[in-house]
Every structure is written in C-alpha cells, then in structure tokens.
Amino acid sequence: FQPKTLAGRRVLLTAGPTSEVIDPVRVLTNRSSGRMGYALARAAAEAGADVTLVSGPVALPCPDGVERIAVRNAADMRAAVMARAGQADLFIAVAAVADWGIANPSSTKLKKQPDGQPPHLDFVQNPDILAEVAALPGGPWCVGFAAETGHLAEHAQAKRARKGIPAIVGNLAQDAMDAEDTELVIFDDTGHHPLARQSKLQAARQLVGWIAARLPR
Ligand code: C5P
C-alpha cells in the first residue's frame, strides 16, 4: 500500500533514450533501459497522480494507470512534452536525451565505400527539454536526473543551477546502467540527501514521497 501523496496532481515524465536517425537502418542513441523513469511513473500513479509518460524506445510494459506517449527522437519528445507541460503540476525528466541529432540524415542506406572513406555526419545540438519546461512561466515543479561517471555533487549541482530547477537526482552511470538496483542522491538548495541502495521501484517510491512533501500546493 502506498500513501496517496500525489492525489489530484498531474505528473509528466520523460523516460528511456532518444533515437536519432542516421539513415533508414542506423540510429544514434544513448544507453538507457528506461527502468528508472518507468519505476517513477508507476510510483507516481500508486501515489494517486494522473501520470503521463513520454517515452523513447524501450522494451518495457506501460505501468498500470499510466498514459504512455511513445516517441523516438528528441524533437518529438520535446513536442510531446511541451504540448502537455502547461497542464502539469510536476515534471520529472528521466530520459537520456541524445545531446545531438543528425543534421543530414540519409533517406537511403549509407553504403561502405570501396576506398574505405567513412560517411560524413553533421551533428546539431538537440533542445534541452528540461531547461525549456523549467523556463515556462507558471510551469510545473521540475526534477531532473544527472547520471555522471564521477564528481557527482559538483556536476549535479551545476546542472541544477544551469537548468534553473529546484531539485536534481544524481547517480553514478556505471552503477545504474542496465542495473536492477540504484543508489540515488537528491540535490536541492539545502544540499544533498542520499537514499539507500535499493531497487529502482523502492527508490522511486521514496523519491515520490520526498517530492510530494515539497511540491507547492
Ligand atoms: O546536463 P544534462 O543534459 O545531462 O542533464 C540531464 C537532465 O536533463 C535529465 O533530467 C534529462 O532528462 C534532461 N535533458 C532534457 N533534454 C535534453 C538533455 C537532457 O530534458 N536535451
């Protein structure tokens, strides 16, 4: 049994990787199973929220009582989020959004050249969805995620400041990636709040409780 700490609240989340087209058979993507975002969507629904999950391509079933919007690339994820962010009370950005898209995707399969010359790809920086939502006047309370390979507190707090969000959840990428368990640290303007190493669902439930206690009415 989970306490209904988010009853009557509208929660929007992103989860999973995004997938940027190179050609009809190749993509540029991030390593993300989507498990943490899906666990959070489930935990928010258990807590009584009305939950919409904008998800990149993952191999996970949609949690009970959650509305899932399936997207592939960052541009589509952004459009799906921006269409709904104004109505949300809380936005939790868990997706591992590709930082770059391909500016010159090929409509036909790129072929290996006889001279061994590799293809030339131009990259474009993708929109920062979380920063855009955070900048919306009267927008939802925003929580970000920061997966780092070291200097967790430093990088997480810098991201929190740069994106202008009240809270960011840090974890070590090498720990969390493809793993069942996770060890999270919440960073806000009062400092850091470490959570125990536990399953992603348990961590998600704890995090939802922490957020619910701070969410403005
Ligand atoms: O600094 P970085 O972009 O890695 O911060 C990660 C956080 O920002 C995550 O919450 C992620 O979901 C979000 N993000 C986003 N759009 C991007 C890149 C990251 O919403 N283009």
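In this predicted model, K200 is found in helix 6, which spans residues 200–214; helices (H or I, at least four residues) and strands (E, at least two) are DSSP runs, numbered from the N terminus. Residues are numbered from 1 along each chain as its sequence is written, and side-chain values use heavy atoms, with hydrogens and water left out. Because the model is predicted, local features need pLDDT of at least 70 and side-chain atom pairs count only at pLDDT 80 or more, whereas totals for chains, interfaces and linings use all residues.

K200 is buried yet takes part in no salt bridge, and the nearest side chain of opposite charge, that of E180, lies 6.8 Å away. Here buried means under 20% relative accessible area, exposed means over 50%, and partly exposed is in between (1.4 Å probe, protein chains only). Lys and Arg count as positive and Asp and Glu as negative, while His and the chain ends are not counted; a salt bridge is a side-chain nitrogen of Lys or Arg within 4 Å of a carboxyl oxygen of Asp or Glu. When neighbours within four places in sequence are left aside, the residues in contact with K200 (heavy atoms within 4.5 Å) include S33, R35, M36, A176, E180 and T182.

E180 forms a salt bridge with R35, in which the closest N and O atoms are 3.6 Å apart. This pair links distant parts of the chain, since E180 lies in the loop between helix 5 (173–176) and strand 11 (181–182) and R35 lies in helix 1, 145 residues apart. R35 is partly exposed, with a relative accessible area of 27%.

R42 forms a salt bridge with E46, the closest N and O atoms being 3.2 Å apart, and both residues lie in helix 1, four residues apart, or about one turn of the helix. R42 is partly exposed at 39% relative accessibility, whereas E46 is buried, with a relative accessible area of 18%. E46 also forms a salt bridge with R205, with the closest N and O atoms 2.8 Å apart. Since E46 lies in helix 1 and R205 in helix 6, the pair ties together parts that are 159 residues apart in sequence. R205 counts as partly exposed at 27% relative accessibility, and salt bridges with shared partners join R42, E46 and R205 into one network.

Eight strands form an open sheet in the order 5-4-1-6-9-10-12-13, with mixed pairing, where two strands pair if DSSP finds at least two bridges between them. Strand 5 (66–70) and strand 13 (191–194) stand at the edges, each with a single partner strand, so one side of each is left without a neighbour in the sheet. Neighbouring strands of this sheet are turned by 20° against each other on average, direction ignored; axes are lines fitted to C-alpha atoms, for helices over the stretch in contact, and angles run from 0 to 180 degrees between N-to-C directions.

Within this sheet, strand 1 (residues 10–15) and strand 6 pair in the parallel sense over four bridges, and L12 stands opposite F91 in strand 6. Four bridges also join strand 6 to strand 9 (residues 141–148), again in parallel, with F91 opposite C142 in strand 9. Strand 9 is joined in turn to strand 10 (residues 167–172) by six bridges, and these two strands run parallel. Helix 6 packs on the sheet, touching strand 6, strand 9, strand 10, strand 12 (185–188) and strand 13, and its direction makes about 145° with that of strand 9. Helix 1 (residues 35–46) lies across strand 1, strand 4 (50–55), strand 5, strand 6 and strand 9, and runs at about 165° to strand 4.

From strand 6 (residues 90–93), L90 and I92 point one way and F91 and A93 the other way, and all are buried. The largest nonpolar core has 37 residues, and I92 is among those with the most contacts inside it, together with L6, V11, L40, V51 and F145. A nonpolar core is a set of buried Ala, Val, Leu, Ile, Met, Phe, Trp, Tyr and Cys residues joined through side-chain atoms within 4.5 Å.
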